[in-house]
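I opened this notebook to record what I looked up in the structure. The entries follow the order in which I took the topics.

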Amino acid sequence: EGEDPFTQCRGIPLYHFSMINDLGRAEAYSNALRSEIARLPDGGGRAVVLDIGCGSGLLSMVAARHGAASVVGCDKAPGMAGVARQAVADNALSERVSILDTLSTCMEAGTHLPARADLLVSETFGDDPLSESFLPSLAHARAHLLTPTARVVPGALRVYFTLVDSPDLLAVNFPPDPPLKGED
């Protein structure tokens, strides 16, 4: 009720379905998490992992399965956090994975996390690493939620762009100033 059928399905943004089914992407994240957790002291056996924008909880569960002692996932959308909590419970990982429905910028180490995290994973940028306020979230996490030596997955991003000159696109993105009034 009141949902946009083109962007939501039971409170879940539709793009989550294509992300979950992107096996190449999931495998790349799994390999990176396995590698980074193995590099931590004790092979991650005492590691705390923070998953910012955890969505369905997939990466939180992967981190736990690769040996992280404690994983805290957070998502600003209560519906997604609920889905993640159910997925974690269905996969018998509730003892090591907790899901919060909050922004990471509202979290504190020692309150929302058992300690500062040794590893941060995030998949909040889709095809645009500057979207969903990832850089401010990362800066906040580095200052307040992560250990000084914490690793981040992904460890780097590459942005490609091209310049386009199109009056039609300009008109769609930047309406005339002053706005048109009356009839065309």
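I started with burial: a residue is buried at under 20% relative accessible area, exposed at over 50%, and partly exposed in between, with a 1.4 Å probe and protein chains only. I also noted that helices (H or I, at least four residues) and strands (E, at least two) are DSSP runs, numbered from the N terminus.

I noted the terms of the model next: it is predicted, local features need pLDDT of at least 70, side-chain atom pairs count only at pLDDT 80 or more, and totals for chains, interfaces and linings use all residues. Residues are numbered from 1 along each chain as its sequence is written, and side-chain values use heavy atoms, with hydrogens and water left out.

**The whole chain**

I counted 6 helices and 7 strands in the protein chain. Their order along the sequence is β-β-α-α-β-α-β-α-β-β-α-β-α. The chain has 184 residues, and 35% of them are buried. Of the contacts between residues at least 6 apart in sequence, 70% join residues at least 24 apart. The accessible surface is about 11500 Å², with 56% belonging to carbon and sulfur atoms; areas come from the Shrake-Rupley method with a 1.4 Å probe, and for residues only the protein chains shown count as cover.

**Ile37**

I found Ile37 in helix α2 (residues 23–39). Is Ile37 buried or exposed? Ile37 has a relative accessible area of 0%, so it is buried. Leaving aside residues up to four places away in sequence, Ile37 touches Gly43, Gly44, Ala63, His66, Gly67, Ala68 and Leu119. From Ile37 to Val49 I read 9.0 Å, C-alpha to C-alpha, for 12 residues of sequence.

**Backbone angles**

Most residues other than glycine have a negative phi, and most peptide bonds are trans. I looked for departures. Asp42 has a phi near 65 degrees, a positive value, and lies in the loop between α2 and β3. Asp42 is partly exposed at 49% relative accessible area. Its C-alpha is 9.9 Å from that of Ala68, 26 residues apart along the chain. Ala92 also has a positive phi, near 55 degrees. Ala92 sits in the loop between α4 (78–90) and β5 (97–100) and counts as exposed, at 69% relative accessibility. The bond from Val153 to Pro154 is cis, with omega near 5 degrees. I placed Pro154 in the loop between β7 and α6 (167–173).

Note on methods. Contact = heavy atoms within 4.5 Å.
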